[in-house]
Amino acid sequence: MKFIAVIRQVPDGESRLKIEGGKVDLSGVTMILDQMDEWAVEEVIRLQEKHGGESVVVALGPERFEEAIRTALAMGIDRAVHLVAEGYLDPITQAEALAETLRAEAPTLVFTGGQQADWDSQALGAAIAEALSWPVVSWTTQIELEGESHAKVKHDLDEGAEVVRVALPAVFTSQQGLNEPRYPTLPGIMKAKRKELKKVPISASSKVAIVEQTIQERTRLNKVLDGKDPVAAAHELVRLLHEEAKVI
Amino acid sequence: MILVVLEHDGQRLRKGALEAISRARQLSSLGPLAGVVIGENTATVAQEAAQYLPTVYTAEVGPYTPEKWAEAAYAAVQKSGARVVIATGGRQGRTWTARLAYKMKAGLLEDTLETSTDGQRILGSRYSFLNRVTERQQAPLPVVFTAKPNTTPLAEPEGSGTVETLEVSVPAGVEVLERLSEQKKGVSLTEATVVVTGGRGLGSPEAFAGVEELAGALGAAVGATRAVVDAGWRPYGEQVGQTGKTVQPNVYIALAVSGAVQHQAGMNKSKYIVAVNKDAEAPIFKIADYGIVGDVHQVLPALIEAAKKLKD
């Protein structure tokens with residue numbers, strides 16, 4: 001069996017974003033393996049540990065993605081394929097570009113993140129599935145293989161959740177609760193440097209253009225009361241919400 | 001032609017469908033409107049839909065899977081010749097629309113706040129970078145887009161349309177074994193005008209009794225942070241944040257919530273934000289309008305008392 005995680009590198013959520021010339025400027029921002037992709041990587045490694053076979057990461061993005069790919073390799077993934085393309089590509093175009101590599105790899109399943117922490121997109125997993133004519137299960141919280149032909153999966157819906165049986169190969173996207181990702185160990189990091197990382201330059205043009213980005217932070221009032229006298233502070237807060245903000 | 005994929009509960013159109021119809025009417029310079037009702041009991045829902053749209057298609061395909069929804073919507077696209085497809089955002093809508101956009105080789109605009117057209121393209125705005133950035137996007141036709149819930153006025157009925165049944169061959173691959181419904185009590189989190197959220201700092205699941213009491217006094221919904229849900233204190237359905245629900249109430253009251261950026265992604269667009277935390281340096285105070293630096297175990301009972309007095 002072969003298990004593939006499709007991953008991306010995104011800004012650390014804790015880092016401060018700035019705008020330059022109408023676009024988000026990522027220079028100087030700490031970049032990390034997307035947390036939701038990290039769950040996908042962990043799950044792929046666990047599936048390999050349980051069922052044997054091979055684990056692979058595939059990434060589509062700029063050169064800088066290599067760092068995130070090495071993180072996945074250090075966690076325990078066997079090898080990587082990096083489709084190198086600079087600039088923004090919409091998820092439908094990304095799926096087109098990734099499909100060729102994924103089809104050639106012929107995996108048992110593909111896992112990717114439920115939502116990307118940069119574009120806030122939830123579309124990549126489903127678009128890949130469509131490109132490959134495979135089923136997709138999004139927001140997966142639990143997966144169990146039933147031989148090589150099916151998987152029993154629990155996943156979130158808009159409201160509530162459901163358990164489904166899916167014919168493999170299929171694409172899954174991750175959700176919180178799926179697993180607790182391992183930290184790369186020092187020997188893991190050393191080994192990752194020698195693992196196969198195949199780079200393939202690609203060219204594609206995005207169907208969607210980002211025209212302008214802005215950071216519109218609401219100006220907050222920042223009226224903070226001292227809670228040493230909790231009763232007085234609480235009454236004052238309720239008064240402010242009722243009389244000043246008029247929201248209760 | 002513009003096609004609206006109408007969200008429904010098997011009986012009635014959902015609010016999201018009426019918002020999507022409003023979005024379609026805003027683009028009517030691109031051509032006539034049509035709708036499609038996909039799923040179960042579609043004939044009944046289509047009767048209601050025909051009060052809003054001149055043409056309504058139905059595709060009776062059974063319970064939801066992304067494959068079925070995309071296939072049925074694509075059948076309606078081919079039948080109507082639609083160049084724009086509009087659906088409701090949300091986890092399900094944002095999954096199957098990606099499949100549909102791929103089938104149509106269309107640009108996909110996800111979770112748009114508002115949309116317009118210049119005749120050749122759809123222009124939209126949306127949030128990105130964990131809800132911190134607002135971006136304007138554009139894509140040439142054909143375009144598939146989802147409308148973020150609670151962004152658009154609800155459409156009013158207008159005329160009476162015709163209903164047409166589509167034959168859709170249903171793709172196999174996913175078999176639904178069990179539906180696990182969300183336990184709901186009180187006010188719905190995503191529709192509430194007041195939300196009271198408890199964080200890890202409350203110390204125990206029992207302390208949420210106070211959160212519920214305050215929420216009850218204010219007619220508010222109860223929310224929880226990821227740490228609280230992970231600890232098993234509260235159900236996942238109450239989680240606010242990147243991997244939970246996104247809320248935008250008139251006032252969001254965060255009790256013993258530190259305010260990690262992943263949590264902020266689910267609530268930072270609230271009109272007013274209130275924080276109670278013993279740590280004056282907690283990130284939540286940076287985005288708070290009102291706050292109390294103090295022990296939640298002392299402040300919360302006083303807040304309940306004050307809120308009850310206000311309502312009397």
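The following paragraphs describe the two chains of a predicted model, from their overall build to a few individual residues.

In this predicted model, local features need pLDDT of at least 70 and side-chain atom pairs count only at pLDDT 80 or more, whereas totals for chains, interfaces and linings use all residues. Residues are numbered from 1 along each chain as its sequence is written, and chains are lettered from A and ligands numbered from 1 in the order in which they are written.

Domains come first, with bounds that come from an automatic or database domain assignment. Chain A is assigned domain 1 (2–201) and domain 2 (218–248), and the C-alpha centres of these two domains of chain A lie 44 Å apart. In chain B, domain 1 covers 2–165 and domain 2 covers 194–311; here the C-alpha centres of the two domains lie 34 Å apart.

Chain B contains 8 helices and 16 strands; helices (H or I, at least four residues) and strands (E, at least two) are DSSP runs, numbered from the N terminus. Its radius of gyration is 22 Å, close to the 20 Å that the globule rule gives for 312 residues, so chain B is as compact as a globular protein of that length. That radius is taken over C-alpha atoms, and the globule rule is 2.2 Å times the number of residues to the power 0.38. Along its principal axes, the C-alpha trace of chain B spans about 65 × 40 × 40 Å. Of its 312 residues, 58% count as buried. A residue is buried if 20 or more other C-beta atoms lie within 10 Å of its own, exposed if 12 or fewer, and partly exposed in between, with C-beta atoms placed from the backbone. Among the contacts in chain B with a separation of 6 or more, 62% involve residues 24 or more positions apart; two residues are in contact if their C-beta atoms, placed from the backbone, lie within 7 Å.

An open sheet of 7 strands in chain B has the order E5-E9-E4-E1-E2-E3-E10, with parallel pairing. Two strands pair if DSSP finds at least two bridges between them. The edges are strand E5 (107–112) and strand E10 (162–165) of chain B, each pairing on one side only. From one strand to the next, the twist averages 20°. Within this sheet, E2(B) (residues 33–39) and E3(B) (residues 55–60) run parallel and are joined by 6 bridges; Gly39(B) has Glu60(B) as its bridge partner in E3(B). Helix H1 of chain B (residues 15–26) lies across E1, E2, E4 and E9 of chain B, running at about 150° to E4(B). For such angles, axes are lines fitted to C-alpha atoms, for helices over the stretch in contact, and angles run from 0 to 180 degrees between N-to-C directions.

Turning to the interface, 70 residues of chain A are in contact with 68 residues of chain B. The largest share of the side of chain A that touches chain B, 10 residues, comes from H6(A). By class, this side of chain A has 40 nonpolar, 14 polar and 16 charged residues. Here Ala, Val, Leu, Ile, Met, Phe, Trp, Tyr, Cys and Pro count as nonpolar, Asp, Glu, Lys and Arg as charged, and the others, Gly among them, as polar. The two chains also share an open sheet, in which 4 strands follow the order E14(A)-E8(B)-E7(B)-E6(B) with antiparallel pairing. Its edge strands are E14 of chain A and strand E6 (114–117) of chain B. E14(A) is joined by 5 bridges to E8(B) (residues 133–140), and Ala209(A) has Gln138(B) as its bridge partner there.

Several single residues also deserve a look. Ala217(B) sits in helix H5 (residues 208–218) of chain B and is buried, with 20 other C-beta atoms within 10 Å. Not counting residues up to four places away in sequence, Ala217(B) touches Ile304(B), Ala307(B), Lys308(B) and Lys311(B). Cis peptide bonds join Leu168(A) to Pro169(A), with omega about 0°, and Leu141(B) to Pro142(B), also with omega about 0°. Pro142(B) lies in the loop between E8 and E9 of chain B. Although not a glycine, Ala106(A) has a positive phi of about 50°; Ala106(A) is exposed, with 9 other C-beta atoms within 10 Å. Asp120(A), not a glycine either, has a positive phi of about 50°, but Asp120(A) counts as buried, with 20 C-beta neighbours inside 10 Å.
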